Amino acid sequence: MEGEGSRKGEKKRVLMMNGNGIEMVNEMVDMIEKAGSYVGFRKTHKKECINLVRRLKLLMPLLEEIKDMIIIITTHHQPDDADAELACWLLHLKKSLSSSTKLLKTCYSASKIFLALESEAVMSRFHSVYDKINQSLNDMPRHKLPISEEVQEQVELMHMQLTRAKRRTESQDMELAMDMMIVFSTNHDTNADDAIIERLAKKLDLHTLTDLRSESMAVAKLAKSKAKSQETVQQVVHLLAKFKQIAGIDENSVLDGPASVKKCLEKSKSLLIPHEFLCPISLEIMADPVIIATGQTYERESIQKWLNSGHRTCPKTGQKLTYMAVAPNFALRNLILQWCEKNNYNLPKKETFDEPDIASSPLAEEVSSLIQDLYSSHVNVQRDAIVRIRMLSKESPDSRIMIANSGGIPPLVYLLSCTDSEIQQHIVTALLNLSLDEANKRIIAREGAIPVIIQVLRNGTEEAKENSAAALFSLSVLEENKVLVGCSNGIPPLIDLLRNGTNRGKKDAVTALFSLVLNQANRSRAIKTGIIPPLLHLLEDKTLDMVDEALSILLLIASHPEGRNEIGGLSFIQTLVEIVRDGTPKNKECATAVILELGSNNSSSLLAALQYGVYDHLMEITRCGTTRARRKANSLLHLMSKNEHIPFIHRK
């Protein structure tokens, strides 16, 4: 063994003598500069990435001083054991920096959906990187490195920041994780799912054609990776498909865009179609090109799908459209026809339209007439118009846009204050449907609808209360509307509906409350209003099938000091342990997460969970649970084993 150790020491001394120490330092400098060159980290971990890059840059002065010292060491004396120690330390530091840059590259180029879905695992990688760098800094051979006082202070600062960063959890990642939990649940109606998917798409920057194409390539790369579980990959692919559906983009036009071009090329043998003849959305040659408000040209069918999905921006430039009408691009169509004739290429057979203005369509005429009827002095005429608007707003995104553009929202909001409960019910449902369009969310709030909807939530019929709760959820997708609902005292009637409503009413209420308590101020309001007892009831009454939703809110509540105190007073740890034991895989994951959040701030919660037998159930999850559940179970077991206040006995 002595001979082997001697050979290792000699090898490290040779490294230093040959100048490899300087080479290692240069490589580390390059790593840090490379990390600093990444622009546009994924939103899910953007703040963590920026902070890590900033901390890595604190090492630059240290590395420069080390380089100078190595030159002195190799120039003025023979290498000794201290030099070998320095070489060994540099290798460890280089490995920790390499882990850092790999993680930053992942957060720069990996699938946005994957990073959000695996947010906790990514944060674990950040924590691992923090540990590695901290360990390297602790092991620094200070006796061999008489670094300056200024650099020493920077090293201490970095050590302190990394330690503090490991204890912090970013709320934005938690929001994304909770939204995804609801998206993958089957217990919500289509409207709610669409609203959440819209919010997710915007949070992840996956709502434009360019974004979705880039994400599709990242997902394709992810699917080829054997290191990723098939369960996770399927979830990512599933959500990407939902994003494309909401965007009104054909499944194959994004994932297989180049393949579509390839098919066209195969049809025309070796012919190369001019780029300007291809639709930017479908990547196919245009048979019926039309111009939109920004001056860009698209295939009519493709752009119509985009507009019908509620989009009001140009897919190519991202500019907001000042109007939705499209006009045929006759000049380009003639050029395409000439090129096809010259090259013996047959255009796909598609129906063409020569009407440039959609304002004269039957739908537009009907909507205009209905809005006029809203101002009628006859209640029956108003009622019939409201019912028809409710139906139209349910049918298609195009109808929702047209009703709003035609000025339909202000009279609806005004009439919502009437005393006729039937009319109230129809109006609040119409506003719910209209709010599925993001621009309409702002218009509805701007017209003062939120306080009136809250009034209907308090005093309306059962169906009106249910749809009022659903409308508040849809509107609260926007952060400013979360604040407005909270300030308008909208949380108490939602909690009342959660206590006393029908099963559907309770589902609408719990979904709206989840969205609202993502806001810190609303979280405090909900706790003071008494949200915890009805949530506990949802956990105990399995027939309601809302355990996941209740646990999702409780996880947010447990992150608030007042919430932790209130939960502790209710002594519901036993219920959580029972869910960990007997719940569905998703139930178990959520319950484990709540216990972990509580236990991270209060060792008595950990002790209570152990007394109720959670240990064996956690061990079972580490063997048979979902990927995310296993990770949470391991984190909780690790927390228990570390806590000095718990007489934790490791069981074989």
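Me: Why is Arg623 called exposed?

Reply: Arg623 has a relative accessible area of 55%. Exposed means over 50%, buried under 20%, and partly exposed in between (1.4 Å probe, protein chains only), so Arg623 counts as exposed. The model is a predicted one, in which local features need pLDDT of at least 70 and side-chain atom pairs count only at pLDDT 80 or more, while totals for chains, interfaces and linings use all residues. Residues are numbered from 1 along each chain as its sequence is written, and side-chain values use heavy atoms, with hydrogens and water left out.

Me: What makes the contact between Glu620 and Arg623 a salt bridge?

Reply: The closest N and O atoms of Glu620 and Arg623 are 3.0 Å apart. A salt bridge requires a side-chain nitrogen of Lys or Arg within 4 Å of a carboxyl oxygen of Asp or Glu, and the pair therefore qualifies. Both residues belong to helix H35 (residues 614–624), three residues apart, about one turn of the helix. Helices here are DSSP runs of H or I with at least four residues, strands are runs of E with at least two, and both are numbered from the N terminus. Glu620, at 37% relative accessibility, is partly exposed.

Me: Which parts of the chain does the salt bridge between Glu438 and Lys202 link?

Reply: The closest N and O atoms of Glu438 and Lys202 are 2.8 Å apart. This pair links distant parts of the chain: Glu438 lies in helix H22 (residues 438–446) and Lys202 in helix H10 (residues 190–203), 236 residues apart. Lys202 has 32% relative accessibility and is therefore partly exposed. A network of salt bridges joins Lys202, Glu438, Arg442 and Glu480. The structure holds 17 salt bridges.

Me: Why are strands E2 and E3 described as standing at the edges of the sheet?

Reply: The open sheet consists of three strands in the order E2-E1-E3, with antiparallel pairing. Strand E2 (297–299) and strand E3 (327–328) each have a single partner strand, so one side of each is left without a neighbour in the sheet.

Me: What makes E1 and E2 a pair?

Reply: Strand E1 (residues 289–291) and E2 are joined in the antiparallel sense over three bridges. Two strands pair if DSSP finds at least two bridges between them, so E1 and E2 meet the criterion. Within E2, Glu299 is the bridge partner of Pro289.
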